[in-house]
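Below is a model to be questioned. Each answer sets a value against its definition.

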Amino acid sequence: MRRTIFLTLIISVCAVNASMAALVQWKVEDGGNGHYYEAISVSGLTFDDARVSAELRDGYVVTITSQAEQDFISSHVISDGFGYRIGGFQPIGSPEPDGGWEWVTGEKFDYTNWYSGEPNNQFGIEDTLVMWASNQWNDGPGSYQNYNGYILEMEMIPQPATILILGLGAAMARNRM
């Protein structure tokens with residue numbers, strides 16, 4: 001049992017270090033909001049899957065609320081925005097093609113970076129946001145699973161000690177079963 005707990009702690013430390021290395025902070029002293037960002041490259045996620053995945057990482061699917069934030073993400077987080085989900089969606093019953101857009105955080109949706117001709121609600125099923133080539137936005141279906149992943153935004157990174165305690169608790173619970 002002690003060996004299992006020790007190995008779980010070692011794996012947790014490595015996972016924390018690897019995850020923290022991929023996060024990029026938009027520092028306040030650089031004109032940013034102090035948040036952390038990461039491109040999560042994983043295919044096969046619906047919009048709802050991406051939301052849950054981001055929440056499990058103590059964050060949310062990115063909300064891009066200004067040109068400065070868009071520029072930061074485009075130059076520091078991803079080099080090609082091709083097919084990454086971002087945190088905008090249209091609630092059911094919104095006027096199509098461009099009405100009712102919201103951010104997953106409830107922030108005001110007043111900045112946009114639409115690709116020419118978008119949003120267009122193609123085939124009547126496009127109700128979530130995707131960042132495409134040139135880091136511009138497209139409306140896409142929330143159920144579609146072949147995007148490259150999503151962009152994670154976190155207001156703060158979890159403290160390694162918290163993650164280690166959670167890992168220790170998981171290891172102990174597993175050994176009791």
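Q: What is the mean pLDDT of the chain, and what share of its residues reach 70 or more?
A: The mean pLDDT is 83, and 75% of the residues reach 70 or more. pLDDT is the predictor's confidence in each residue, from 0 to 100. This is a predicted model, so local features need pLDDT of at least 70 and side-chain atom pairs pLDDT 80 or more, while totals for chains, interfaces and linings use all residues. Residues are numbered from 1 along each chain as its sequence is written, and side-chain values use heavy atoms, without hydrogens and water.

Q: Which stretch has pLDDT below 50, and how many contacts does the stretch have beyond near neighbours in sequence?
A: Residues 2-20 have pLDDT below 50, and the stretch has 19 such contacts in the model. Contact means heavy atoms within 4.5 Å. Where pLDDT is low, the predicted coordinates should not be read in detail.

Q: How many helices and strands does the chain have?
A: There are four helices and eight strands. Both are DSSP runs: helices are H or I over at least four residues, strands are E over at least two, and numbering starts at the N terminus. The order is α-β-β-α-β-α-β-β-β-β-β-α.

Q: What makes residues buried, and what percentage of the chain do buried residues make up?
A: Buried means under 20% relative accessible area, exposed over 50%, and partly exposed in between (1.4 Å probe, protein chains only). Buried residues make up 42% of the 177 residues.

Q: Which residues of the largest nonpolar core touch the most other members?
A: They are Ile64, Ile73, Ile86, Leu129, Met131, Trp137 and Ile151, in a core of 19 residues. A nonpolar core is a set of buried Ala, Val, Leu, Ile, Met, Phe, Trp, Tyr and Cys residues joined through side-chain atoms within 4.5 Å. Two or more residues each come from α3 (67-77), β4 (84-89) and β6 (128-131). The largest share, three residues, comes from α3. A second, separate core has 11 residues, including Leu23, Ile40, Leu152 and Met154.

Q: Which residues is isoleucine 86 in contact with, leaving aside neighbours within four places in sequence?
A: Isoleucine 86 is in contact with Phe47, Val61, Val62, Ile64, Leu129, Val130, Met131, Trp137 and Ile151.

Q: Why is strand β8 called mostly covered?
A: Six of the six residues in β8 (149-154) are buried.

Q: How do you know that β8 pairs with β2?
A: Two strands pair if DSSP finds at least two bridges between them. Strand β2 (residues 36-41) and β8 have six bridges, in the antiparallel sense. Glutamate 38 stands opposite leucine 152 there.

Q: In what sense does β3 pair with β8, parallel or antiparallel?
A: Strand β3 (residues 60-61) pairs with β8 in the antiparallel sense, over two bridges. Tyrosine 60 has glutamate 153 as its bridge partner.

Q: In what sense does β4 pair with β8, parallel or antiparallel?
A: The pairing of β4 and β8 is parallel, over two bridges. Arginine 85 has tyrosine 150 as its bridge partner in β8.

Q: What makes the bond between glutamate 96 and proline 97 stand out?
A: The peptide bond is cis, with omega about 5 degrees. Most residues other than glycine have a negative phi, and most peptide bonds are trans. Proline 97 lies in the loop between β4 and β5 (102-103). Glutamate 118 and proline 119 are also joined by a cis peptide bond, with omega about -10 degrees. Proline 119 is in the loop between β5 and β6.

Q: Is asparagine 121 buried or exposed?
A: Asparagine 121 has a relative accessible area of 14%, so the residue counts as buried. Its phi is near 50 degrees, a positive value in a residue other than glycine.

Q: Is phenylalanine 123 buried or exposed?
A: Phenylalanine 123 is at 70% relative accessibility, so the residue counts as exposed. Its phi is near 60 degrees, also a positive value. Phenylalanine 123 lies in the loop between β5 and β6.
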